[in-house]
Amino acid sequence: MKSLLLRHDKAGDAIKSLPALRALVADLPIHQIHLLASHHNASLFTCEPHLHLHTLPPDWEKMDDESVLKHLQKEGWPESFDTVTSLLCDPSESTERLLRLIPAQKKLMIGKGLELPYGSPAHRD
């Protein structure tokens, strides 16, 4: 199973994802976990074992969809994913665009279809 996680924001927010990413990799050793990062935060993930890192070009938001995909395909980008999940808390046009652009059987976004387990922060508040 191939999953893609989106973390295309700034480095400070991306750091918060590291414990969850490490837990996913440890708990799902046969699962292929890919991460799509921005050029701002990609360096945070380069030394993470068993994580397939893909980096968006610095000007990706000005590029057309085909050019963005061509750039990613140069990095060993799979043809499709089983699941794509945005790790960003706030919806944005850039996140919506990436979710539309990336072929996957299931697409999840926090606050839009992502079920959090009982005891998670969303259920405690």
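L99 is found in helix 4. The model shown here is predicted.

**Starting from L99**

L99 is buried, with a relative accessible area of 9%. Buried means under 20%, so L99 qualifies. Leaving aside residues up to four places away in sequence, L99 touches L6, V84, K107, L108 and M109. Take L6 as one example. L99 and L6 are 93 residues apart in sequence, yet their C-alpha atoms are 9.0 Å apart in space. Among contacts in the protein chain with a separation of 6 or more, 56% join residues 24 or more positions apart.

**The whole chain**

The protein chain has five helices and five strands. Read along the sequence, their pattern is β-α-α-β-β-α-β-α-β-α. The chain holds 125 residues, and buried residues make up 39% of them.

**Helix 4 and R97**

Which residues of helix 4 are buried? They are S94, T95, R97, L98, L99 and L101. The cover over these buried residues includes strand 1, strand 2, helix 3 (residues 65-73), strand 4 and strand 5.

R97 lies in helix 4, which spans residues 93-101. Is R97 buried or exposed? Its relative accessible area is 12%, so R97 is buried. Apart from residues up to four places away in sequence, R97 touches W60, E61, M63, D64, D65 and V68. The backbone oxygen of M63 lies 2.6 Å from a polar atom of the R97 side chain.

Strand 4 covers residues 81-86. How many of its six residues are buried? Five are, and the strand is mostly covered. Strand 4 pairs with strand 1 and with strand 5. Four bridges join strand 1 to strand 4, and these two strands run parallel. Five bridges join strand 4 to strand 5 (residues 104-109), and this pair also runs parallel. The table lists residues that stand opposite each other.

| Residue | Stands opposite |
|---|---|
| L5 | T85 in strand 4 |
| T85 | L108 in strand 5 |
| T83 | K106 in strand 5 |

How does the chain get from strand 4 to strand 5? What lies on the path is helix 4, and this β-α-β crossover is right-handed.

By the ring-pairing rule, the count comes to one aromatic pair. W77 and F81 form this pair, which is edge-to-face.

**Helix 2: two sides**

Helix 2 runs over residues 18-27, and its buried residues are L18, L21 and V25. Seen down the helix axis, these buried residues fall within an arc of 65°, so they line one face of the helix. The spacing has a simple background. An α-helix has 3.6 residues a turn, so residues three or four places apart point the same way. On the other side of helix 2, P19, A26 and D27 are exposed. What covers the buried residues? The cover includes strand 1 (2-7), helix 1 (11-15), strand 2 (32-37) and strand 3 (51-55).

H50 is found in the loop between strand 2 and strand 3. Its phi is near 65°, a positive value in a residue other than glycine. Most residues other than glycine have a negative phi. Is H50 buried or exposed? At 64% relative accessibility, H50 counts as exposed. The cut-off for exposed is over 50%, so 64% passes.

**Back to the start**

L99 and R97 are both among the buried residues of helix 4.

Conventions: Residues are numbered from 1 along each chain as its sequence is written. This is a predicted model: local features need pLDDT of at least 70, side-chain atom pairs count only at pLDDT 80 or more; totals for chains, interfaces and linings use all residues. Side-chain values use heavy atoms; hydrogens and water are left out. Buried means under 20% relative accessible area, exposed over 50%, partly exposed in between (1.4 Å probe, protein chains only). A polar contact is a pair of N or O atoms within 3.5 Å; within protein, one must be able to donate a hydrogen and the other to accept it, and residues adjacent in sequence count only if both atoms are side-chain atoms. Contact means heavy atoms within 4.5 Å. The arc is that of the directions from the helix axis to the C-beta atoms. Two strands pair if DSSP finds at least two bridges between them. A crossover is right-handed if, with the strands pointing away from the viewer, the path from the first strand over the helix to the second runs clockwise. Rings of Phe, Tyr and Trp (its six-membered ring) pair if their centres lie within 6.5 Å; planes under 30 degrees apart count as stacked, over 60 as edge-to-face and the rest as tilted.
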